[in-house]
Amino acid sequence: MGYIEVTGGRVLSGCIRPAAAKNSVLPLLAAALLCGKPCTILAVPHLRDVETSLALLQAVGADAAREGENISLRPVRRICGTVPASLAGAMRGSVFYLAPLLVRAGYAELALPGGCRLGPRPIDIHLAGLTAMGAQAEVSRDQVRLNRRGALHGTEFALRLPSVGATLTLMMAGCCAAGTTVLHGAACEPEIADTAAFLNACGADITGAGTATLHIRGTGGELLGGCCHAVLPDRIAASTYAAAAAIAGGEVTVEHCPPELLAAFLDFLSSAGCTVTRKRENFTVCRHPGHPLRGGQQLVASGYPGLATDSAPLAAAVLLYADGPSEIYDGLFQNRFACAQGFAELGGGAKAEGRLLRLAGGASLHGGTVSAPDLRGGAALVLAGLGAKGTVRVSDTDHIRRGYADLAGDLARLGADCRSVTECPR
Ligand code: EPU
């Protein structure tokens, strides 16, 4: 157990490069099970969810290992379809193993991803799509088992809502199915296009990834080849650094990250009074410390290219300091704004009413110890500390470590008074 300690009042400056996107790396590691030749995923950050994925891969018999900053997988003959409950329950990303295990082992047995703090996260769309491709699903209270007889077959399937995870599941399943799978109403997140680029480099035939309609021509049961893949930059980490510049003031350049990956978030920062300069492969966010942040914002988090749900708590941390009230509505998760309690404990005017977060603005936050309720909410509390008068300690940093290898170090390198402490606060 540890905490992140941040003392407000420092102006930020400098350049930072976001790590590879967590939400690409997790499905990529699962998708690599579909490969019959070696694969390497380059520059994979040291995140808790990545370590869990490696343990999961090893538990089902895959030959997966870190080699410096990269992760390599070598093909093995047999894969086991049962995921140990402790690993399945440790991250939502375990759901990405449903389709690859079903393809490789002929069955997939998985404890249902645990009750997540963001609200209910059912997997009915994953199961409906796989069933339409010929799988049989048995679901009990806390476990799912999928079986197949023969290869899965292509199908035409409309997702009842554009789930990122279900789009990935059905795209992976379609790659080794017999015939063509057409997905309608798919999610359009860049991490889906990135996973498709990896699969296509391994010999899959996917078109339309990143749009609402995908066509996947399957191999009829054959495994794919292999490849070496450089992952998309993490647009949520990039949004975190951009929000840090907005809250603390100063000038931060985020490098090797095309601004269109987080266009809606950068549009929000512009309308809140920051100067945002966009180039092809990088962008700069600048706020003069004496220049106020503008409130009166009505934000709605939705699927890509809208404002990402993962960046909604980061936007909230910015708007705590704005010169008037704002609201943020999250269309995806029921409990996205659990961080409101921590904001309020630090003196910020924040109140979550279901999916709606009301922010009073005009905050003058003081120091104190608050607990990270989840990954992005925890990052938002650290960001809020950048503007506090005093020292903010954010505990339960295991949540934050799921998605940031060293958030405190990143902010400190930009000039913040911020550090990670490994023992518990007294
Ligand atoms: N949903 C269903 N049925 C399903 C699947 C989803 O009802 O079968 C609902 C969910 O309950 C939720 C909504 O659809 O209300 C969106 O869920 P989605 O499937 O799109 O999200 P996910 O795949 O579970 C990924 C990321 C999340 C990110 C969302 C949305 C990973 C591991 N997780 O989750 O990231 O918020 O997409 O972009 O890729 C995070 O990084 O902290 C994180 C939560």
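User: In this predicted model, at what angle do helix H10 (residues 312-319) and helix H12 (residues 375-385) pack, and how are they oriented to each other?
Analyst: The axes of H10 and H12 are 8 Å apart. The angle at which these helices pack is about 20 degrees. Angles under 35 degrees count as roughly parallel, and H10 and H12 are therefore roughly parallel to each other.

User: Which residues of H10 and H12 meet, and what is the handedness of the crossing?
Analyst: From H10, Pro313, Leu314 and Ala317 take part. They meet Arg376, Gly377, Ala379, Ala380, Leu383 and Ala384 in H12. By class, this contact of H10 with H12 comprises 7 nonpolar, 1 polar and 1 charged residues. The crossing of H10 and H12 is right-handed.

User: How many nonpolar, polar and charged residues does the contact of H9 with H10 have?
Analyst: Helix H9 (residues 263-271) and H10 have axes that come within 11 Å and cross at roughly 10 degrees, and the two helices are therefore roughly parallel to each other. Phe265, Phe268 and Leu269 in H9 meet Leu314, Ala315, Val318 and Leu319 in H10. Sorted by class, the contact of H9 with H10 has 7 nonpolar, no polar and no charged residues.

User: Which peptide bond is cis, and where is Pro305 found?
Analyst: Most peptide bonds are trans. In this model the bond from Tyr304 to Pro305 is cis, with omega near 5 degrees. Pro305 is found in the loop between strand E17 (298-301) and H10.

User: How are helix H1 (residues 22-31) and helix H2 (residues 48-59) oriented, and which residues make their contact?
Analyst: H1 and H2 pack at an angle of about 0 degrees with their axes 10 Å apart, and they are therefore roughly parallel to each other. By class, the contact of H1 with H2 has 5 nonpolar, 1 polar and 2 charged residues. The contact is formed by Lys22, Val25, Leu26 and Leu29 of H1 with Asp49, Val50, Ser53 and Leu57 of H2.

User: Where is Ala43 placed, and what is its phi?
Analyst: Ala43 lies in the loop between strand E3 (39-42) and H2. Most residues other than glycine have a negative phi. Ala43, however, has a positive phi, near 50 degrees.

User: Which residues are closest to the centre of the second largest pocket, and which helices each supply at least two lining residues?
Analyst: This pocket has a volume of about 440 Å³. Of its 25 lining residues, the closest to the centre are Arg17, Pro18, Ala19, Ala20 and Ala43. The lining divides into 16 nonpolar, 3 polar and 6 charged residues. The helices that each supply at least two residues of this lining are H8 (235-248) and H14 (407-413).

Methods
Residues are numbered from 1 along each chain as its sequence is written. This is a predicted model: local features need pLDDT of at least 70, side-chain atom pairs count only at pLDDT 80 or more; totals for chains, interfaces and linings use all residues. Side-chain values use heavy atoms; hydrogens and water are left out. On a 1 Å grid over the protein atoms alone, a cavity is a set of points where a 1.4 Å probe fits but cannot get out, and a pocket is an open set with protein on both sides within 12 Å along at least five of seven lines; lining residues have an atom within 4 Å of a point. Grid points are joined across faces, edges and corners, and a volume is the space filled by probe spheres set on the points. Helices (H or I, at least four residues) and strands (E, at least two) are DSSP runs, numbered from the N terminus. Ala, Val, Leu, Ile, Met, Phe, Trp, Tyr, Cys and Pro count as nonpolar, Asp, Glu, Lys and Arg as charged, and the others, Gly among them, as polar. Axes are lines fitted to C-alpha atoms, for helices over the stretch in contact, and angles run from 0 to 180 degrees between N-to-C directions. Angles under 35 degrees count as roughly parallel, over 145 as roughly antiparallel, 65 to 115 as roughly perpendicular and the rest as oblique. A crossing is left-handed if the near helix is turned anticlockwise from the far one by less than a right angle, and right-handed if clockwise. Contact means heavy atoms within 4.5 Å.
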